[in-house]
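Look at the structure first, then read on.

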Amino acid sequence: LGPLGTGAGRAVQVGAAQTAATKAVDDLVPSTGDDVPMLIQQGLKSKLKSFRGAADNLYTRADKLLDPAGVVPRPKFDATIAKEIVRQEKLGTLANKDVVALLEKYKQAPASVFSVARQELRSQLGDEIADFYTGKNAAIGAKGVRALQTMKTALEDDLSKFADQAGGAGKAAWRSADGFYKANIVPFKE
């Protein structure tokens with residue numbers, strides 16, 4: 001004997017409704033099983049883009065506050081270049097001509113206000129370093145990259161010292177921008 005009343009019909013209806021609902025959900029929800037790594041990468045790229053925009057805004061504010069303080073002295077940067085030039089000269093014919101050319105290029109770069117030192121000089125050093133790692137400038141070699149990285153670090157020290165000496169809102173803006181960059185963008189590079 002079967003169920004009495006409308007129970008059997010209801011059971012069939014419930015089963016059909018569940019099947020239809022499952023099919024509708026499957027049709028509407030995209031399959032992400034194979035796309036998960038791509039979706040994660042897209043999310044990280046979007047997050048990095050957002051962080052870079054925020055960092056650019058913070059750095060631009062620091063530039064506007066520190067540019068009126070004048071030309072940025074570069075004692076550490078210039079000393080680092082001089083030291084590396086002497087090291088290359090000691091190598092004589094073994095000196096890396098591409099590294100020597102880069103050192104001379106940066107030695108001749110004029111001193112400038114904060115925004116130019118940060119945006120142009122520091123960014124150019126970063127590009128030269130990145131070019132080595134991407135193969136665009138393999139001629140400078142690993143030792144040349146270390147020299148460029150040391151120069152970049154020295155320039156950053158000079159920029160920080162300048163901001164500290166300027167004090168006030170400019171110093172605070174620089175610390176905020178640099179702290180944000182180190183906390184949010186540097187981890188992406190690693």
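Q: Which residue takes a positive phi just after α6?
A: The model is a predicted one. Helix α6 covers residues 141–166. Just after that helix comes a residue with a phi of about 65°. The residue is G167.

Q: How many helices and how many strands are in the chain?
A: From the N terminus on, the elements run α-α-α-α-α-α-α-α. The count is eight helices and zero strands.

Q: How far apart are the end C-alpha atoms of α6, and what span should its residues give?
A: Helix α6 has 26 residues. At 1.5 Å a residue, they should span 38 Å. The computed separation of the end C-alpha atoms agrees with this: 37 Å.

Q: Is α5 roughly parallel or roughly antiparallel to α6?
A: Helix α5 (residues 114–134) packs against α6 with axes 10 Å apart. The angle between them is about 160°. Angles over 145 degrees count as roughly antiparallel. Therefore α5 and α6 are roughly antiparallel.

Q: Is the crossing of α5 and α6 left-handed or right-handed?
A: The two helices pack at about 160°. Their crossing is left-handed.

Q: How many nonpolar residues does the contact of α5 with α6 have?
A: Helix α5 contributes residues including L121, L125 and I129. Helix α6 contributes L148, L155 and L159, among others. The contact also has three polar and five charged residues. The nonpolar residues number 14.

Q: What share of the chain counts as buried?
A: The chain has 190 residues. Buried means under 20% relative accessible area. The share that counts as buried is 28%.

Note on methods: Residues are numbered from 1 along each chain as its sequence is written. This is a predicted model: local features need pLDDT of at least 70, side-chain atom pairs count only at pLDDT 80 or more; totals for chains, interfaces and linings use all residues. Side-chain values use heavy atoms; hydrogens and water are left out. Axes are lines fitted to C-alpha atoms, for helices over the stretch in contact, and angles run from 0 to 180 degrees between N-to-C directions. Helices (H or I, at least four residues) and strands (E, at least two) are DSSP runs, numbered from the N terminus. Angles under 35 degrees count as roughly parallel, over 145 as roughly antiparallel, 65 to 115 as roughly perpendicular and the rest as oblique. A crossing is left-handed if the near helix is turned anticlockwise from the far one by less than a right angle, and right-handed if clockwise. Contact means heavy atoms within 4.5 Å. Ala, Val, Leu, Ile, Met, Phe, Trp, Tyr, Cys and Pro count as nonpolar, Asp, Glu, Lys and Arg as charged, and the others, Gly among them, as polar. The expected span of a helix is 1.5 Å times one less than its number of residues. Buried means under 20% relative accessible area, exposed over 50%, partly exposed in between (1.4 Å probe, protein chains only).
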